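This report walks through one protein model, from loops to helices. Keep the structure in view while reading.

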Amino acid sequence: MRSQTHVVHYVKRPGYGRRSFSIMRRTRSPSGEITTQTLTHERLAAINDQLVAGVLSRASADLAVVQICDELNAEAKKRERGVWVASEDNLNLLNAYFEKEYARRRSDKAAAYARLRRAIDQLGPHSLLGDANTLQRVVDERFGYSSTVQRKYVAAINQMRKWFGVRERLALDREVPPEFRYLSEREFDRLLRYVDDPVAAALFELLFSTGMRVGEAFAFPPNRITAQRVVIRRQMHRGGRIGPTKNRKERSTILMNRGSEAARSWLKQDHERIRDRPFNRILKAASERAFPGDPTKAVSVHDLRHSFAVHLVAECDVSVDWVARLLGDSVTVAERYYLRFLASDEDLERILKKTL
């Protein structure tokens, strides 16, 4: 649950007869009442002792106290958003798992650790290895049953529980279709008219016309297009590292005719130089201009991959299993996302008339 109590920590520096630093906690209650108290903190006490003894300079002590204050404010902000800080036992379990399991992996270890840490943060004081039903209630209350974020964190929690030999897994309600945003072809054409950056426009068109992930587009070599057929083998990961695709498998997809010119334009770009360009912000800004007041059309770059799939299923009568092949997903995953677009209400009505 989200807390209505607002907490802020700030530094009170030496002066006016004070020889040491203090950290003050200001709390505003749901009723608006404000209270202030001096915080007791072990690290702060040690810093003050070193300051008085002349071991630390005033400037060094100031930096150290500000760091403590920033950490306290970050934790308070997490609690206000309903995000708990991981218990010490769960942190020890995470560190033991990560040290053994990720020692030889070549993936982005910092990003992997951050993902696992965020997952155990959701459990609060509950043990990672505890009762699955209890943990299930925690994440369900935290995210709701159809949250994309919940799926990511549940997968991480199950990953660690399995490594420690716990058989009971957390699950999601698979009957609830995953939520995502998408654009029809007509809507996408309308959005493109508001994209002023030609490089961004080429990327967006390429993603819509192939179903590629954005990292795959950045690792896309010119010799991978043959007669509208695109072979995808690698992708660019965070930090610019080129590595295997998400499922580590090569796949082929199509390049729709409309995307041919965009593909040629994109392949001429220096992908290393432009990889930090804010493509998501450019796309969101164009969405707001093209569809003012309609938040359902505020798509992200990854949503163009969904738009490609929905276009094939709903507008081109392509089977879901073929869409799965083009995307590099399993048929089960593709069905959960796109099966609902296979037949419109009008299609079902025509079928019903034929059966009468």
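R248 sits in the loop between β7 and β8. Its phi is near 60°, a positive value in a residue other than glycine. R248 counts as exposed, at 65% relative accessibility. Here buried means under 20% relative accessible area, exposed over 50%, and partly exposed in between, with a 1.4 Å probe and protein chains only. Helices (H or I, at least four residues) and strands (E, at least two) are DSSP runs, numbered from the N terminus.

This is a predicted model: local features need pLDDT of at least 70, side-chain atom pairs count only at pLDDT 80 or more, and totals for chains, interfaces and linings use all residues. Residues are numbered from 1 along each chain as its sequence is written, and side-chain values use heavy atoms, with hydrogens and water left out.

D317 lies between α13 and α14, with phi near 55° in a residue other than glycine. The table sets out relative accessibility for several residues.

| Residue | Relative accessibility | Class |
|---|---|---|
| R248 | 65% | exposed |
| D317 | 67% | exposed |
| C316 | 35% | partly exposed |
| I242 | 35% | partly exposed |
| E205 | 9% | buried |
| C69 | 5% | buried |

Now the whole chain. The protein has 16 helices and eight strands. Of its 356 residues, 40% count as buried. Contact means heavy atoms within 4.5 Å. Among contacts between residues at least 6 apart in sequence, 59% join residues at least 24 apart. The structure holds zero disulfides, a disulfide being a pair of cysteine sulfur atoms within 2.5 Å.

Strand β7 covers residues 242-244 and includes I242. Which residues does I242 contact, leaving aside its neighbours within four places in sequence? They are A219, R234, Q235, M236 and H237. The C-alpha atoms of I242 and F218 are separated by 8.9 Å, and the two residues are 24 apart along the chain.

Two packed helices are described by the angle between their axes and the distance between the axes. Take α7 (residues 185-192) and α8 (residues 198-210): their axes come within 11 Å and cross at roughly 170°. Axes are lines fitted to C-alpha atoms, for helices over the stretch in contact, and angles run from 0 to 180 degrees between N-to-C directions. The pair is therefore roughly antiparallel, the term for angles over 145 degrees.

On the α7 side, E185, F188 and L192 meet A201, F204, E205 and F208 of α8. These contact residues divide into five nonpolar, no polar and two charged. Ala, Val, Leu, Ile, Met, Phe, Trp, Tyr, Cys and Pro count as nonpolar, Asp, Glu, Lys and Arg as charged, and the others, Gly among them, as polar. E205 lies in α8. Beyond neighbours within four places in sequence, E205 contacts F188, L192, R258, G259 and A262.

Next comes helix α14, residues 320-327. Its buried residues are V320, V323, A324, L326 and L327. They cover an arc of only 165° around the axis, so they lie on the same side of α14. The arc is that of the directions from the helix axis to the C-beta atoms. Their cover includes β8 (251-254), α13 (303-315) and α15. Just after α14, G328 takes a positive phi of about 80°.

Helix α15 spans residues 331-338, and its buried residues are A334, R336, Y337 and Y338. They also cover an arc of only 165°, which puts them on the same side of α15.

Definitions and conventions: Parallel < 35°, antiparallel > 145°, perpendicular 65-115°, else oblique.
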